[in-house]
Amino acid sequence: MELTELLRRVHEGDREALDEVIPLVYQELKKLAAAHLQREMGREPLQTTALVHETFLRLVGMQHPSYANRSHFYGIASRLMRQILVDAARRRSADKRNGARQVALTGLGDLGSQPDEVLLALDEALDRLAQISPLKAQLVEMRYFGGMTAEESGEFLTMSVHVVRREIRLAQAWLRKEMAV
Amino acid sequence: MRPETEGLFHELANRSADERAEFFRNHEVPADLRAEVETLLRFDAEGDHILTESIATAAAQSLNSEREGIQCGPYRLMRAVGRGGMGAVYLAERTDGEVRQQVAVKLLRYGGNEAGFRERFLRERQILAGLNHPGIVHLIDVGRTSDGQPYLAMDYIEGVPIDEYTRDLALRAKLDLFIRVCDAVSHAHRNLVVHRDIKPSNILVDAGGEPKLLDFGIAKLLGEESGIQGSLTLDAGAALTPDYAAPEQVTGEAVTTATDVYALGVLLFVLLTGQHPAGPGAHSRTALFRFIVESDPPHPSGVTASSKLQKALRGDLDTIVAKALKKSPRERYDSVAALAEDVSRYLKKQPILARPDSLGYRASKFVLRNRAAAALGALALIAALAGVAGTLLQARAAREERDFALRQVSRANAINDLNSFVLSDAAPSGKPFTVNDLLQRAEGIVEHENGRYNANRVELLISIGRQYQTQDEDAQARRVLEQAYQLSRPLAEASIRARASCALARTVADSGELPRAEALIKEGLRALPDEPQFNFDRVFCLTLGSGVAYTAGAGTQGIERADAALRLLKKSGFTSEREELDALTNLAEAYRFAGQQREAAAMFEQAAERMTLLGRDKTQAAGTLFNNWALALSQLGQPLEAEKIFRRAIDVSRDDRGEQAVSPMLLVNYARTLSDLGRQKEAADYAERGYAKAKQAGDEVVVNQSLLLRGVIYRAQGDVARAKEMLVEVEPRLRQALPPGHVAFASLTSEQALNARAANDLKTALDLSNQAVTMLEATLKKGGQGAEGLPTFLLRRADLELQLGRPRDAANDAGRGLRLVLEAAPTGTFSSRIGRAYLVLARALDAQGKQEEARDAARSAAAHFQNALGPEQADTRAAQQLAGLGSQNR
């Protein structure tokens, strides 16, 4: 079935469609990421947003998707992206704790903590945020992991852009506060 | 989070600290709620780039790990250990039954040219594997995976990149380390291997403090066939970061050992100062290319904050770095060994062999035009001679003003995308590429990739068009932006339609088609719905619209638009300090263009304070700001203040070798102010230097300005013959460049009149003076610019009439001139122009025997001069004398 069709159904609440879509997207993301890496190696770190956008272009292909569908795609992809990244970070973290040392062959130094730790902390903080306000957590996820703009998020969640921006802003402040401890 | 917390947060988020305090005074808020909200507000102010960077990095690492377990020849990848300069690096084990050896395996991009790659491998492998030096990481093997992906196997080194390692090291230790790096590179050179990609991430320092260099010659191994050596693009076309690239690498010329010398020069700079020669912070590729090819790097001593370090670096180390960083390979150190030798001599406190550049203008084959600071406010000297504010000598000068309008809030995505697209495609083999080539390629890519997604395509075309504008490629810019505009018409997104209209408007205005430009701006603004999410687009259009307005001479509208843009930015709450500063500067420029010098000066001052707060007050942009501010002050008739600010502009734009990096226009502007202050000798010096530089650079506008100014100065010094020479030289140049009836010719005539008077040929002087007035009145009647010159000409004529014993005519002219000057000036300003007008009038009245009135006028004159020029000036004293002692006829 066409992805756009699937996405439309997902939007209408079709759980089966969602189940079908997720592995599709996941596979495509990984394939794309690998190809992306080969092309992009040696440059700045991968931009997740670029990745998600490209996946969308690939999957949707020749059609001219309506704006609504694109947002739906990104909405799902953001969640998946978060899952993928957090899982991987957790594995690496576990490795480290088991004694396998990392060698700094990159010039990433200035991030303060290691990126994995930051990411895991963010993940936990997001979970806590979701307890308080599921909407805010989802908005943050879509922005950080999916690279969605306020317009796109608003479209996906049927909210005004103004409210989206406000909510994200507050959520960011809250997250930073949580992670600063 | 309670609803009250949220509500209060949003209520206060966009308010200033004062306003918040006010709010709490006027409202009853429970202490715990207040504390909670204040905490959140505090965290609101921080940025979130750390989070996004972490995510991106984590993404990269995750994807790297996908490859774990893969077999590369006899090696199996165990674990990703990071990302090197050219690809992911893995810890690997040898598994072919031989000694279990731990190596590092680096996966590289796919080679494009199968046959060529194989041949090169075979050829180079021997050489590279044969490099044996403690400072060079030994290359064990190269090969291909079963997927065909090339890999390198090398010794596994645990270490820290050299820039990190040396961060807290003492100077001496840093230099020692650097020398050892040079030794390793020298060794390779002796074996005819050029590294081509020396940078910190390729130099690891191990636990024993020994530097180890990675990836020798790999760039060549993977580079194109015979054609380009050491091109910045590799087979698959993805580019290396150009941070350490030498000019010849950027322009596609031959790469030699001197290329490594350059990279080591950059490395040394970074080790010594902690920043890149192009300045702190990140740089876009295009900006870097421009810097590498065009700009002279600063001295390390000029860039450090600590004065102790400054002292240590100034002198020999500055010279060493400068020599390594010469644009022309021939001028650098002959060899890396020579570079190391000089550093070693420095450490031993022996004299080094490199010679510092001599003062004086160095001809360079690279154009020194600094486009980024191109908007240097072309104050026509002619205009200033006649007291005309803001007249533009030639169309080109107008274009230089537009840079301010080009600084605008841009969609980060579009620009980033552009940069990645541009450099992700393969360079055609054998051909060097320039920035323009890249832009053209970008167009092609946009055409190809984004054919279906018109919104993105338009955005990218807009970015490309604006980049052409900053490259002075107006024809290209126009073409691309017209295309963007056409494509945008049928799109639904208002934001894109508006941006396309407004971006096109600017380039159309530059071609002089002002009505169309204005129509486009209006169209753009109309297209935007009146909702907050379109604020940034509106700011974009307003900023560009401001420039269009004042180019068309509609000064007030220019101000209104710039002001609206600034207020909108402030209101939107998502903006950055930098954007606000740009908008503020733009507004100041609009005021200056509209002739409202006092407001302009006030805004410039604000902008300068902001720049200082942001730590940007030593940048080129700051230099431009100071220049324009000083111009506004000088047009206000406040040369004392102007001189100080010009000084700052010069300080900011020069480097320690002298005024070499300072633009000729700035030198001439400064000279004029010095002349206004009566410091003729210094003025002559600067004016001559400005002239010489302008001639060298082929800057016709400034050559003319400097000639006229020198005429004024020499005359003031009593050298009338030389003053006349200047006018003789400049007249044909003006005739060639300007249409007849331009205010410039009236000014020229007026200058000739002054020369005649200085030579005591009063009759000729009066004739010429009459001509000047007539010419200007005719120009003004036809709607030409230059009205501010009229009072000056009248006052000069008044002077002559006095000398010729016609006090009544003198008083008429002086009175008329004074009235004009007072009308034009904002009330309450002290201005030397007004002072002069009063003084001439005072003299005329005095000659008519009207003592009281004369003294009054003289007192006013004295007051203005005192404040605008200082108490010691000749004019000040003359006015005071006249005011105090009255006429000698008593």
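The legends below describe close-up views of a predicted model.

**View 1. Chain A as a chain of helices.** Chain A holds eight helices and zero strands, and, read along the sequence, the pattern of chain A is α-α-α-α-α-α-α-α. Of the 181 residues in chain A, buried residues make up 51%. When contacts in chain A between residues at least 6 apart in sequence are considered, 65% of them join residues at least 24 apart.

**View 2. Helices α6 and α8 of chain A where they cross.** Helix α6 (residues 134–144) and helix α8 (residues 161–180) of chain A have axes that come within 9 Å and cross at roughly 90°. Because angles from 65 to 115 degrees count as roughly perpendicular, α6(A) is described as roughly perpendicular to α8(A). On the side of α6(A), the contact is made by L135(A), K136(A), L139(A), V140(A), R143(A) and Y144(A), and these meet V164(A), E167(A), I168(A), L170(A), A171(A), Q172(A) and L175(A) in α8(A). Sorted by class, the contact of α6(A) with α8(A) has nine nonpolar, one polar and three charged residues.

**View 3. An aromatic pair formed by F23 and F24 of chain B.** A pair of aromatic rings is described by the distance of the centres and the angle of the planes. Over all chains, the count comes to four aromatic pairs. One of them is formed by F23(B) and F24(B), whose rings lie 5.9 Å apart from centre to centre, with 85° between the planes, and are edge-to-face. F23(B) has a relative accessibility of 10% and therefore counts as buried, and F24(B), also at 10% relative accessibility, counts as buried too.

**View 4. Aromatic rings of chain B around Y670 and Y686.** The rings of Y670(B) and Y686(B) form an edge-to-face aromatic pair, with 4.8 Å from centre to centre and 90° between the planes. This pair links distant parts of the chain, with Y670(B) in helix α31 (residues 664–676) of chain B and Y686(B) in helix α32 (residues 680–697) of chain B, 16 residues apart. Both Y670(B) and Y686(B) are buried. Ring pairs also bring in F646(B), so that F646(B), Y670(B) and Y686(B) are linked into a cluster.

**View 5. Charged ends over aromatic rings in chain B.** In one place, the charged end of K323(B) sits over the ring of Y333(B), at 5.4 Å from the centre of that ring. In another, the charged end of R499(B) sits over the ring of F540(B), and here the distance to the ring centre is 4.6 Å.

View 6. Most residues other than glycine have a negative phi. Which residue in the loop between α7 (171–190) and β8 (203–206) of chain B is shown here? The residue is R196(B), and the phi of R196(B) is near 75°, a positive value in a residue other than glycine. With a relative accessible area of 8%, R196(B) is buried, because buried means under 20% relative accessible area. The second residue, N760(B), is not a glycine either, and has a positive phi of about 70°. N760(B) is found in the loop between α35 (743–758) and α36 (762–781) of chain B. Is N760(B) buried or exposed? At 60% relative accessibility, N760(B) counts as exposed, because exposed means over 50%.

Conventions:
Residues numbered from 1 in each chain as written. Chains lettered and ligands numbered in written order. Predicted model: local features only at pLDDT ≥ 70, side-chain atom pairs only at ≥ 80, totals over all residues. Heavy atoms only, no water. Phe/Tyr/Trp six-rings, centres within 6.5 Å; stacked < 30°, edge-to-face > 60°. Buried < 20%, exposed > 50% of the residue type's maximum accessible area, 1.4 Å probe, protein only. Helix = DSSP H or I, 4+ residues; strand = E, 2+ residues; numbered from the N terminus. Lys NZ or Arg CZ within 6 Å of the ring centre and 35° of its normal. Axes fitted to C-alpha atoms, helices over the stretch in contact; angles between N-to-C directions. Parallel < 35°, antiparallel > 145°, perpendicular 65-115°, else oblique. Contact = heavy atoms within 4.5 Å. Nonpolar A, V, L, I, M, F, W, Y, C, P; charged D, E, K, R; others polar.
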